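Q: I would like a close look at one part of this model. Please take the side chains around the aromatic rings, then move on to a helix contact.

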Amino acid sequence: MPPPPQTEASPTDWTPYDSCVAFETAEFLFTRNQMSAGQIDTLLDLWGSTLIKHQDTPPFSSHHDLYNTIDMTPLGGMTWENFSMSYNGVRPAENVPPWMMSTYEVWFRDPRLLIHNMLANPDFDGKIEYVPYRDYNDKDQRCFKNFFSGDWAWKQADIISEDPANHGSTFVPLIVGSDKTTVSVTTGHTEYHPLYLSIGNIFNSVRCAHRNSVVLVGFLAIPKSMKEHLQDIDFHNFRRQLFHYSLAKIFESIKPNMTTPDIVCYPDGHYQRVIYGLGPYIADYPEQALLSGIVAGWCPKCLNNRKDLNREGPSLLWCREHTNLLIEELDQTKLWFEYSIIDHVVPFTSDFPRGDIHELLSLDLLHQIIKGTFKDHLVTWVEQYLEHTHGTSRAAEILDDIDRRPVPFSRRARIQSVDRRQFQGADEALPPHDPALWSPQWPLFFDNRVKTYQGSQRALALL
């Protein structure tokens with residue numbers, strides 16, 4: 001049976017904008033140039049004065065008209081939802097910390113509907129994979145390319161197929177990423193965790209080139225506290241629990257269809273049965289520690305002691321069953337100092353079938369490889385070597401000479417300009433030679449050029 005015809009909007013329909021020129025004007029002024037309201041009014045007045053003789057007007061009458069039009073821009077039919085949370089534990093009789101009295105909002109879009117939109121996108125026709133596979137060349141050597149060529153997707157499909165009711169379904173793994181950032185100056189430097197989503201079925205080449213294959217799911221709130229309460233154990237536990245509960249709440253819509261197939265339209269117009277699953281979670285090391293519920297400075301993937309990472313023999317990996325057993329059998333002190341486990345943290349993946357956060361955590365290329373290995377380790381080592389060999393003054397001359405040489409980039413402009421403070425301090429940096437992080441479980445994920453969506457609805461409207 002042929003698929004139903006796909007309807008497309010008219011190429012001349014720029015609603016709520018009057019024309020293509022009006023949309024491009026809004027996109028240029030608000031997104032690219034980020035012109036102030038006063039300057040927008042000045043520009044529109046000058047523009048309007050040149051059109052009087054033609055009895056015409058600019059696309060917008062003022063910055064108010066521009067902003068109102070942007071606010072009316074539909075965001076692909078995906079509505080934003082929110083929920084609020086607050087601390088409900090025991091409070092002191094007096095001098096209650098402000099963070100205990102605050103309410104924290106989390107804004108998000110339904111990930112199940114976002115996945116429906118991605119899978120129904122006709123631009124992805126012929127660029128979607130339906131089944132995991134293992135690819136070999138003519139020399140019988142294993143070849144890795146797209147996500148479904150990896151071992152993890154293959155193993156997940158085997159597990160899902162154990163239930164006969166799932167036979168014939170397509171596995172759709174969610175690839176999730178987040179990174180704490182300051183959203184906007186206009187919000188008072190409010191910090192959020194922007195949360196991103198893609199699916200493993202899409203070709204890697206498409207994911208790197210097509211922005212609709214990586215979408216913004218939501219913003220996770222971050223509790224703030226006065227300096228006097230920053231070391232409060234209750235405050236740290238609340239931050240961890242808030243983070244995990246928020247993730248569990250956002251992804252709860254896909255939970256029923258992790259065991260029971262969902263019916264979804266694919267890019268070719270046909271409908272398929274799909275089974276969802278939590279896939280790799282891409283985060284920098286501080287968030288990896290937060291996600292896995294471990295003490296900062298330890299590895300979220302392997303059981304090696306942080307003071308003996310180069311020990312002989314294979315590195316045993318964390319798993320959810322082993323962590324739960326340790327929590328049941330050991331006291332809090334031993335869990336913290338010998339196994340780096342924070343027993344108050346329940347990872348959000350514990351609420352989902354086949355979810356093990358230790359297995360799903362993915363290597364962060366930017367912070368752990370590029371910055372961790374090259375800047376923090378290699379560049380620092382070279383500078384220390386030059387100072388030790390030639391002295392401080394001569395070492396500075398050599399470094400200046402290196403910066404002046406015609407190389408593709410300046411070492412200090414591209415590397416040393418990074419503010420060390422934004423990476424949470426060197427004491428929390430994961431040693432780049434941790435063997436567990438080099439296991440080739442995932443072929444390739446996000447392109448590092450994924451844009452951080454910032455600001456109010458106006459900014460989101462122009463994406």
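Over the ring of which residue does the charged end of Arg 134 sit?

A: The ring belongs to Trp 154. This is a predicted model. In it, the charged end of Arg 134 lies 4.4 Å from the centre of that ring.

Now the ring-to-ring contacts. The structure holds 18 aromatic pairs. One of them joins Phe 348 and Phe 352. A pair of aromatic rings is described by the distance of the centres and the angle of the planes. For Phe 348 and Phe 352, the centres are 6.3 Å apart and the planes stand at 75°. The pair is edge-to-face, because planes over 60 degrees apart count as such. Both partners are shielded by the definition of buried, under 20% relative accessible area. Phe 348 is buried, at 4%. Phe 352 is buried too, at 3% relative accessibility.

Rings also gather in a group. Tyr 87, Trp 99, Tyr 104, Phe 235 and Phe 238 make up one aromatic cluster.

Last, the helix contact. Helix α1 covers residues 20–32, and helix α3 covers residues 63–71. Their axes come within 11 Å and cross at roughly 100°. From α1, the contact uses Ala 26, Leu 29 and Phe 30. From α3, Leu 66, Tyr 67 and Ile 70 take part. By class, this contact has six nonpolar residues, with no polar and no charged ones.

How values were computed. Residues are numbered from 1 along each chain as its sequence is written. This is a predicted model: local features need pLDDT of at least 70, side-chain atom pairs count only at pLDDT 80 or more; totals for chains, interfaces and linings use all residues. Side-chain values use heavy atoms; hydrogens and water are left out. Rings of Phe, Tyr and Trp (its six-membered ring) pair if their centres lie within 6.5 Å; planes under 30 degrees apart count as stacked, over 60 as edge-to-face and the rest as tilted. Buried means under 20% relative accessible area, exposed over 50%, partly exposed in between (1.4 Å probe, protein chains only). A charge sits over a ring if NZ of Lys or CZ of Arg is within 6 Å of the ring centre and within 35 degrees of the ring normal. Axes are lines fitted to C-alpha atoms, for helices over the stretch in contact, and angles run from 0 to 180 degrees between N-to-C directions. Helices (H or I, at least four residues) and strands (E, at least two) are DSSP runs, numbered from the N terminus. Contact means heavy atoms within 4.5 Å. Ala, Val, Leu, Ile, Met, Phe, Trp, Tyr, Cys and Pro count as nonpolar, Asp, Glu, Lys and Arg as charged, and the others, Gly among them, as polar.
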